[in-house]
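Reader: I am new to this structure and would like to go through some of its features. Please show it first.

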Amino acid sequence: MEAVAARGSHGPRMQPKPGRISEHKPAIEEVHILWITGGLGCDGDSVSITAATQPSLEDVMLGAIPGLPKVHLHNPVLAYTVGDEFMAPFHKAARGELDNFVLVMEGSIPNEKISGDGYWAAYGTDPQTGNPITIPEWLDRLTPKALAVVTAGTCAAFGGIHAMKGNPTGCMGVADYLGWDWKSKAGLPIVNVPGCPVQPDNFMETLLYLLRQLAGLAPMIPIDEAGRPKWLFGKTVHEGCDRAGYYEQGDFTEEYGSPKCLVKIGCWGPVVQCNVPKRGWMAGIGGCPNVGGICIGCTMPGFPDKFMPFMDQPPGATLSSNLIKPYGALIRALRPLTNATLNDEPKWRHNRPNLTTGYQPPRRPKFTPNPVPDRRQTWLRQ
């Protein structure tokens, strides 16, 4: 517990720092985040998270969030150490000398069984042999000892661009390599945070949840069948899109630069699970359809093969857009009528000397209390 010195009659004494007295003590004191960027990728996910604000990377690293363990980040893109000094925590974890760490994987996992005499991707060198350590070797060494395994971006989650049909590396996502039923030593499944690149707040919010869970402050993270956090990927792009109203009216654009629905020029938003239109990209601003770009499905396991060619109208869009056109035409015709009525002020708003609101208080019937029954007469009648 942090403390400050307070001077009294008997000399200085230590008092708890304000705000720390009621803070929850985490179940573990420190957590190392070992972030491997050596998979087949572009480092775009590491760059992306620097824009996060909910929470920011700085908030997590500097202990601004109460109840979390102290966090040490080891990411080659963001680290100031290099070479053997940077790689030391990774080797230490592989030897079982680093108890509490979360493994973050960025980039897809190549199939080194088909790489011949060379290798597709490696990260550092083995101190014993001096040979490069391939990405599958790192997964084999680190995942059995990790508290949690998180993928940053679609490449690590599902294979992404590098795993498309015709690629020579046979690459895949982490769950394809480890198995979709894999669990960490803490009992956590693989958590996938897809995106090309990953939406910064989506990743940092997921990491924050896992840190809270490891600190004993949150239940098991809820994920869907693809390993994605449910609260982030439970809705489609269409459900959060500002252009969805145009879809309902059957009003589709045929060219870029229009504010109307983009389905006919290649947008997959109605079926893609992603929250970017709602969340934006940086500080709530941006996001593909929000700035006129079509959704190409980059958060989905079938990306990119099942969404190509990107600029063509999706197969289901023809049927759905044709079915909604008659309904949309009727809606567009009727809504101006209601709109015109609502744009016309009521007639009683004027400056004449008489009140013409049409309001007349209802006339209440005259109250006549019921007479008290004469019990004697009642008895005589009986």
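Reader: What classes make up the lining of the largest cavity, and how many residues are charged?
Author: This is a predicted model, where local features need pLDDT of at least 70, side-chain atom pairs count only at pLDDT 80 or more, and totals for chains, interfaces and linings use all residues. Residues are numbered from 1 along each chain as its sequence is written, and side-chain values use heavy atoms, without hydrogens and water. Ala, Val, Leu, Ile, Met, Phe, Trp, Tyr, Cys and Pro count as nonpolar, Asp, Glu, Lys and Arg as charged, and the others, Gly among them, as polar. The lining of the largest cavity has nine nonpolar and two polar residues, and the number of charged ones is one.

Reader: Which residues line the largest cavity?
Author: Lining residues have an atom within 4 Å of a point on a 1 Å grid over the protein atoms alone, and a cavity is a set of such points where a 1.4 Å probe fits but cannot get out. The lining consists of Val237, His238, Cys241, Arg243, Ala244, Cys261, Leu262, Val263, Cys267, Gly269, Pro270 and Pro289.

Reader: Is aspartate 126 buried or exposed?
Author: Aspartate 126 lies in the loop between β6 (122-125) and β7 (132-134); strands are DSSP runs (E, at least two residues), numbered from the N terminus. Buried means under 20% relative accessible area, exposed over 50%, partly exposed in between (1.4 Å probe, protein chains only). Aspartate 126 has 13% relative accessibility, so it counts as buried.

Reader: What distance separates the C-alpha atoms of aspartate 126 and histidine 91?
Author: Along the chain, aspartate 126 and histidine 91 are 35 residues apart. Their C-alpha atoms are separated by 8.6 Å.

Technical notes
On a 1 Å grid over the protein atoms alone, a cavity is a set of points where a 1.4 Å probe fits but cannot get out, and a pocket is an open set with protein on both sides within 12 Å along at least five of seven lines; lining residues have an atom within 4 Å of a point. Helices (H or I, at least four residues) and strands (E, at least two) are DSSP runs, numbered from the N terminus.
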